[in-house]
Amino acid sequence: MSGRVWSGRAAGACLAALLLGTSCSAPPQRDSAAAAVEQLLERRADAVLDRDEEAYEATGDPDGEEFDNLGQVPLGAWEYRLVDLDRTPAGATATADLAYRIDGYDRAPVTVRRTLELVRQGGRWSVAAERPGSGAGRQLWEQGEVTAVRGRHSLVLGVGQDKARLARYAERADRAVPAVRGAWGHALPGRLVVLVPRSTGDMAALLGASASAYQGIAAVTTGEAGGTGRAPADRIIVNPESYDVLGDFGKQVVLTHEATHVATRAHTSAATPLWLSEGFADWVGYRGSGRGARQTAPELTRAVRAGQVPQGLPDDEAFGFEGDAGLLARAYESGWLACRMIAERRGEDALRDFYRAVGAHPRRAGAVEGALRDVLGLTPEEFTEQWRAYARGQLG
């Protein structure tokens, strides 16, 4: 097992970086300083993979805190690619792409941008500090020592959590996988990786966002949409402050919902509206629960009973996390009710076919209309009217 500095010669590595929205710019001119820094980063990567603390500290970071934090993370790859080197009177600032892979879980390395402050003493370069690159989120190991719990279908990585608590996440994630398989009709592309940070603020930091953006949000799933099949990994990131206030049923629904996003990723694209992707994930989460429509969609029920039946399904903007909580709940419930209606009236196969047909369209315009016509034999106007009537009948 060996880490190395990877270069722009690897076209596949560039593609992975582009898929994840990071830069794949040309490497700097290979002067003696750049060559020395590349060798430094190679030694640093090797030390992380080999769990060689002495070798790691020899590259810089003498307290070794992040090295220790990674101790339980099963790494299969850890590689740096030097992107830019900015010399300063005191040393240099390096911009690098870090590609790491969790062994047995990730299909390919995940690439994140890193900034490293370097100093040169006695003719040798060393790392004075390493942090997220501009616009990049933090990594879990930067927030504290990572504790790992393996489930049958999952790996749960937590900071500030004891093993017993993380084991309960793993149990629910393991239950989610067969539930999703039964509803989606296909196995998940890999085992689930669940990240459990210490707080809402830490969750937001992993996503490169402010804490206010995720208040009240129990979990999110990150990954590449678009159906390329090359996505290296998905991460379910839990907000423990919101998740922990849920009951056992709600906690299971959340993880099943997020696992559905992992399963459907290859068939979810820019053409897929959020009412469908979120509504389908909720449909899977509640499938087989025996809960009625009013119990599952309380906010939409209140609106319908007040004579405020929505004119149509919500647009993507209605799913913004920083908006009104009631409107957000009604958006999710509306999408769930639409998927429930299709499954109930046309069958679950039709719902799955509809989802895939929308995602296969090359663009958003015409995607839902085409799938409605080809799979359900309906116009958008007919579908909307049926959904509104269904809402009145189920919730009124």
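Which helix does Y169 lie in? I looked it up: Y169 lies in helix α5. (Helices are DSSP runs of H or I, at least four residues, and they are numbered from the N terminus.)

**Ground rules.** I am working with a predicted model, where local features need pLDDT of at least 70, side-chain atom pairs count only at pLDDT 80 or more, and totals for chains, interfaces and linings use all residues. I also noted that residues are numbered from 1 along each chain as its sequence is written, and that side-chain values use heavy atoms, with hydrogens and water left out.

**Entry: around Y169.** I checked burial: Y169 counts as buried, at 2% relative accessibility. (Buried is under 20% relative accessible area, exposed is over 50%, and partly exposed is in between, with a 1.4 Å probe and protein chains only.) Leaving aside neighbours within four places in sequence, I found Y169 in contact with V156, V196, V238, P240, Y243, D244 and L255. (Contact means heavy atoms within 4.5 Å.) I also looked at L157, which is 12 residues from Y169 in sequence and 9.8 Å away in space, C-alpha to C-alpha.

**Entry: ring pairs.** A pair of aromatic rings is described by the distance of the centres and the angle of the planes. (Rings of Phe, Tyr and Trp, the last by its six-membered ring, pair if their centres lie within 6.5 Å; planes under 30 degrees apart are stacked, over 60 edge-to-face, and the rest tilted.) By this rule I get 15 aromatic pairs. One of them is stacked: Y169 with Y243, at 5.0 Å centre to centre and 25 degrees between the planes. This pair links distant parts of the chain, 74 residues apart, with Y169 in α5 (residues 163–184) and Y243 in α7 (residues 240–243). Y243 is buried too, at 1% relative accessibility.

F319 sits in the loop between α11 (298–305) and α12 (325–346) and Y332 in α12, so the pair ties together parts 13 residues apart in sequence. F319 is buried at 6% relative accessible area, and Y332 is buried at 17%. I also spotted a cluster in which ring pairs link W184, F280, W283 and Y355.

**Entry: α8 and α9.** How do these two helices cross, left-handed or right-handed? I found that α8 passes α9 in a right-handed crossing.

Conventions. A crossing is left-handed if the near helix is turned anticlockwise from the far one by less than a right angle, and right-handed if clockwise.
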